[in-house]
Amino acid sequence: MSTPSPTALVTGAGNGIGRALALRLGRAGRPVALVDRDAAALAAVAAEMSGPCCQVVADVCAADAAARTRETVEAQLGPVGILVNNAGIAPKLNGKGAGLLQTTDAMWDEVMAVNLRAMFRFTREFVPPMQARGWGRIVNVSSLGGRTRSLIAGPGYMASKAAVLGLTRSIASEFAADGITANSVAPGRIGGRLEEATDARINQQYLAAIPVGRFGQADEVAALIEYLTGEHSGFITGAVFDINGGFFMA
Ligand SMILES: NC(=O)c1ccc[n+]([C@@H]2O[C@H](COP(=O)([O-])OP(=O)(O)OC[C@H]3O[C@@H](n4cnc5c(N)ncnc54)[C@H](O)[C@@H]3O)[C@@H](O)[C@H]2O)c1
């Protein structure tokens with residue numbers, strides 16, 4: 001079988017896990033499409049990339065974001081074979097997720113739109129070219145908060161990240177026969193912007209509950225995702241990968 005070298009697309013590539021993954025995939029020789037709503041962050045990552053890449057400044061929630069992204073990326077880097085739906089938000093109120101009684105309809109809708117609906121739309125847009133190629137890799141970034149109780153996440157975040165697992169299993173079931181795999185990655189506490197946005201006391205509580213005794217690093221999550229997007233992961237589909245330092249063991 002010939003080795004495919006498809007273009008990879010990473011949403012939320014401007015920071016954190018998405019940035020680390022884009023750099024990794026680039027180092028591995030993949031052309032990478034970087035998607036983020038933060039133009040400055042995206043340009044900084046593009047400047048660090050070692051291979052071919054293109055930048056798409058887009059809010060993944062916009063109704064036309066997926067179609068516009070596909071048009072731009074296909075024109076510059078060809079069809080996408082690897083889709084990583086990573087962009088996500090974890091809104092905080094006073095350093096932790098708002099409780100159910102404080103969650104407004106607007107807060108609920110926003111977190112669902114970014115963390116779940118955009119993932120559905122991007123997948124719907126990018127599956128057909130993967131079907132045509134008979135090969136595809138989709139990784140959807142969920143969260144520890146979608147797997148079990150959370151010390152910081154609110155109801156919208158937890159519901160959206162749990163729904164990511166169901167959506168991913170649905171994608172995996174429907175397109176396995178087309179050579180497309182779909183898996184979820186569920187990170188626990190990863191150092192970076194989400195950590196900084198969290199109340200210091202809660203971060204301390206978290207640290208104390210992590211058996212390996214530290215927060216994870218964005219590049220550790222990126223390395224796992226890189227494996228799931230590669231040639232050797234074709235027998236893994238519909239799975240959830242916990243990466244949380246032992247905080248939650250399924
Ligand atoms: N960091 C953690 O501890 C942690 C834990 C569990 C899950 N996660 C998940 O991992 C993913 C990445 O998180 P991170 O920590 O790297 O976050 P981050 O905030 O460092 O980076 C996220 C990137 O996504 C972009 N983004 C957000 N909303 C967007 C939108 N509507 N359109 C386009 N771009 C958008 C941001 O601009 C940012 O560049 C998220 O889905 C998050 O929920 C993170």
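Which residues does Tyr 227 touch, not counting residues up to four places away in sequence? We'll get there in the last views. This is a predicted model, where local features need pLDDT of at least 70, side-chain atom pairs count only at pLDDT 80 or more, and totals for chains, interfaces and linings use all residues. Numbering runs from 1 along each chain as its sequence is written, and side-chain values use heavy atoms, with hydrogens and water left out.

**View 1. Phe 122 and Phe 126 form a stacked pair.**
A search of the whole structure turns up two aromatic pairs. Here the ring centres of Phe 122 and Phe 126 sit 6.1 Å apart with planes at 20 degrees, so the pair is stacked. For the cut-offs, rings of Phe, Tyr and Trp (its six-membered ring) pair if their centres lie within 6.5 Å, and planes under 30 degrees apart are stacked, over 60 edge-to-face, and the rest tilted. Both residues belong to helix H4 (residues 105-133), four residues apart, or about one turn of the helix. Helices (H or I, at least four residues) and strands (E, at least two) are DSSP runs, numbered from the N terminus. Phe 122 and Phe 126 are both buried; buried means under 20% relative accessible area, exposed over 50%, and partly exposed in between (1.4 Å probe, protein chains only).

**View 2. Tyr 206 and Phe 247 make a tilted pair.**
With centres 5.2 Å apart and planes at 40 degrees, the rings of Tyr 206 and Phe 247 count as tilted. Tyr 206 is in helix H7 (residues 200-208) and Phe 247 in the segment after strand E7 (240-243), so the pair ties together parts 41 residues apart in sequence. Tyr 206 is buried at 3% relative accessibility, and Phe 247 is buried at 15%.

**View 3. Phe 122 and Phe 126 turn up again in the largest nonpolar core.**
A nonpolar core is a set of buried Ala, Val, Leu, Ile, Met, Phe, Trp, Tyr and Cys residues joined through side-chain atoms within 4.5 Å. H4 gives the largest share, 11 residues. Apart from this core lies another, of 28 residues, including Leu 25 and Leu 228.

**View 4. Tyr 227 sits in helix H8 (residues 218-228).**
Back to the opening question: Tyr 227 touches His 232, Ser 233 and Ile 236, where contact means heavy atoms within 4.5 Å. At 43% relative accessibility, Tyr 227 is partly exposed.

**View 5. Ser 233 lies in the loop between H8 and E7.**
Ser 233 is buried, at 0% relative accessible area. A polar atom of the Ser 233 side chain lies 3.1 Å from the backbone oxygen of Gly 230. Leaving aside neighbours within four places in sequence, Ser 233 contacts Arg 137, Thr 181, Tyr 227 and Leu 228.

How values were computed
Polar contact = N/O pair within 3.5 Å; in protein donor to acceptor, adjacent residues only side chain to side chain.
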